Amino acid sequence: MISRRTGLKALAAGFIIALTLGQPALAAVDIDGYKFDDTAKVAGKDLKLNGAGMRTKLVFKVYAAGLYLPEKKNNVPDILKQDGPRRITLQMARDVSSEDFGKAFTDGLNDNVDKADKAKIASQISKLGGIFASVEGLKKGDVLHIDWIPGTGTLCELNGKKLGDTIPDLAFYNALLRIWLGDRPVDRSLKPALLGDAK
């Protein structure tokens, strides 16, 4: 027969476990001190952290990146055709001027999007250039979200503050994702990390 004291202990333990399970999860992934939660809410939807990694140039850390999707996917075609909102989060690991940051995006697009497709989104690329030009630069510790919101478009947010206007074309957002996930990604070790394949 279970004593009243033992029963109360079991009840208390169960209550503590229930409280713990009810708490929001802490950061799921730590990339060299840059933390990414296992979920992110975008346009009212809970997205899952698909993968995260560090972008390096030569030996220097530039930013930690995390990819959030409605459902985890480990291949690029499935990611590009996935319905619902998406997010790429960049946490800056060093100071970068707006000119250098804009050039890196342009180079990434040039390396991974063919001329015909790029011509279709030329005005959106120009608008993104204007958004980056409106920022003096990115500082170590800054957090940049680049979200795709169905029915609205691409939205950039720096440290919680919206940058510029939304950019409506899904083809444009998919082109941006190819900077990290394309055949010639900006960082070959970051691509598998974002796909959740990093060992």
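1. Asp78 and Lys81 form a salt bridge, with 3.6 Å between the closest N and O atoms. Asp78 is partly exposed at 25% relative accessibility, whereas Lys81 is exposed at 62%. The model is a predicted one, and the count of salt bridges in it comes to nine.

2. A further salt bridge joins Asp111 to Arg184, the closest N and O atoms being 3.7 Å apart. This pair links distant parts of the chain, 73 residues apart: Asp111 belongs to helix H3, and Arg184 to the loop between H6 and helix H7 (190-194). Asp111 is partly exposed, with a relative accessible area of 35%; Arg184 is also partly exposed, at 48%.

3. Lys61 pairs with Asp32 in another salt bridge, where the closest N and O atoms are 3.5 Å apart. Lys61 sits in strand E5 (residues 60-69) and Asp32 in the loop between strand E1 (27-31) and strand E2 (34-37), so the bridge ties together parts 29 residues apart in sequence. Lys61 has a relative accessible area of 40% and is partly exposed. Asp32 is partly exposed too, with 48% relative accessibility.

4. On the nonpolar cores: the largest has 41 residues, and those with the most contacts inside it are Tyr63, Phe101, Phe105, Ile146, Trp180 and Leu181. Helix H6 (residues 170-181) gives the most to this core, eight residues. A second, separate core has 14 residues, among them Tyr34, Val42, Leu49 and Ile149.

5. Leu181 is in contact with Leu67, Val76, Ile79, Lys191, Leu194 and Leu195, leaving aside neighbours within four places in sequence.

6. Thr154 lies in strand E10 (residues 153-158). Its relative accessible area is 1%, so Thr154 is buried. With neighbours within four places in sequence left aside, Thr154 is in contact with Ile146, Asp147, Trp148, Asp165, Thr166, Ile167, Phe172, Tyr173 and Leu176.

7. A search of the whole structure finds one cavity of 30 Å³ or more. The volume of the largest cavity is about 60 Å³. Its lining consists of Ser98, Phe101, Gly102, Phe132, Val135, Gly137, Leu138, Leu144 and Leu163.

8. Which elements supply at least two residues each to the lining of the largest cavity? They are helix H3 (98-112) and strand E8 (137-138). H3 provides the largest share of this lining, three residues. By residue type, the lining of the largest cavity divides into six nonpolar, three polar and no charged residues.

Note on methods: Residues numbered from 1 in each chain as written. Predicted model: local features only at pLDDT ≥ 70, side-chain atom pairs only at ≥ 80, totals over all residues. Heavy atoms only, no water. Helix = DSSP H or I, 4+ residues; strand = E, 2+ residues; numbered from the N terminus. Buried < 20%, exposed > 50% of the residue type's maximum accessible area, 1.4 Å probe, protein only. Contact = heavy atoms within 4.5 Å. Core = buried A, V, L, I, M, F, W, Y, C linked by side-chain atoms within 4.5 Å. 1 Å grid on protein atoms, 1.4 Å probe; cavity = no way out; pocket = protein on both sides within 12 Å on 5 of 7 lines; lining within 4 Å. Points joined across faces, edges and corners; volume = space filled by probe spheres on them. Nonpolar A, V, L, I, M, F, W, Y, C, P; charged D, E, K, R; others polar. Salt bridge = Lys/Arg side-chain N within 4 Å of Asp/Glu carboxyl O.
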